[in-house]
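Here is a short briefing on one structure.

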Amino acid sequence: MSQALINMYISFFAMFLMFVSVLTALFSRTKLKGFWQKLVLTISFICLCVAGLIVFVIVIGGPTATAD
């Protein structure tokens with residue numbers, strides 16, 4: 001598996017984490033109260049931070065060599 005393909009799968013995982021973050025934040029704000037709301041919002045924030053960090057690392061890594 002090439003480095004470019006690995007980076008693609010890692011970026012897909014980051015997009016999935018962003019999607020999970022949005023869904024959990026919306027669910028938490030509309031359906032939950034009290035401790036559970038704070039817990040789910042914290043999990044949402046952690047997912048968003050991890051996704052942002054992954055995207056930052058992939059982008060800063062620059063382009064990968066093409067397979068010839």
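The sulfur of cysteine 47 lies 9.6 Å from the closest cysteine sulfur, that of cysteine 49, which is too far for a bond. A disulfide needs the two sulfur atoms within 2.5 Å. The model is predicted. Searching the whole structure turns up zero disulfides.

**Cysteines**
- Cysteine 49 takes part in no disulfide, with the sulfur of cysteine 47 as its nearest cysteine sulfur, 9.6 Å away.
- Cysteine 47 has 14% relative accessibility, so this residue counts as buried.
- Cysteine 49 has 39% relative accessibility, so this one counts as partly exposed.

**Aromatic rings**
- The count of aromatic pairs comes to one.
- Its members are phenylalanine 35 and tryptophan 36, with ring centres 5.4 Å apart.
- Their planes meet at 70 degrees, so the pair is edge-to-face; the cut-off for that class is over 60 degrees.
- Phenylalanine 35 counts as exposed because its relative accessibility is 58%.
- Tryptophan 36 also counts as exposed, at 53% relative accessibility.

**Nonpolar surface patch**
- Met1, Leu5, Ile6, Met8, Tyr9, Ile10, Phe12 and Met15 make up a nonpolar patch on the surface.
- Together they have about 760 Å² of accessible area.
- One of these residues, leucine 5, sits in helix 1, which spans residues 3–31.
- Leucine 5 has a relative accessible area of 32%, so this residue is partly exposed.

Notes:
Residues numbered from 1 in each chain as written. Predicted model: local features only at pLDDT ≥ 70, side-chain atom pairs only at ≥ 80, totals over all residues. Heavy atoms only, no water. Phe/Tyr/Trp six-rings, centres within 6.5 Å; stacked < 30°, edge-to-face > 60°. Buried < 20%, exposed > 50% of the residue type's maximum accessible area, 1.4 Å probe, protein only. Patch = residues over 30% accessible without salt bridge, like charges linked within 9 Å, V, L, I, M, F, W, Y side chains within 5 Å. Areas by Shrake-Rupley, 256 points an atom, 1.4 Å probe, with all protein chains shown as cover. Salt bridge = Lys/Arg side-chain N within 4 Å of Asp/Glu carboxyl O. Helix = DSSP H or I, 4+ residues; strand = E, 2+ residues; numbered from the N terminus.
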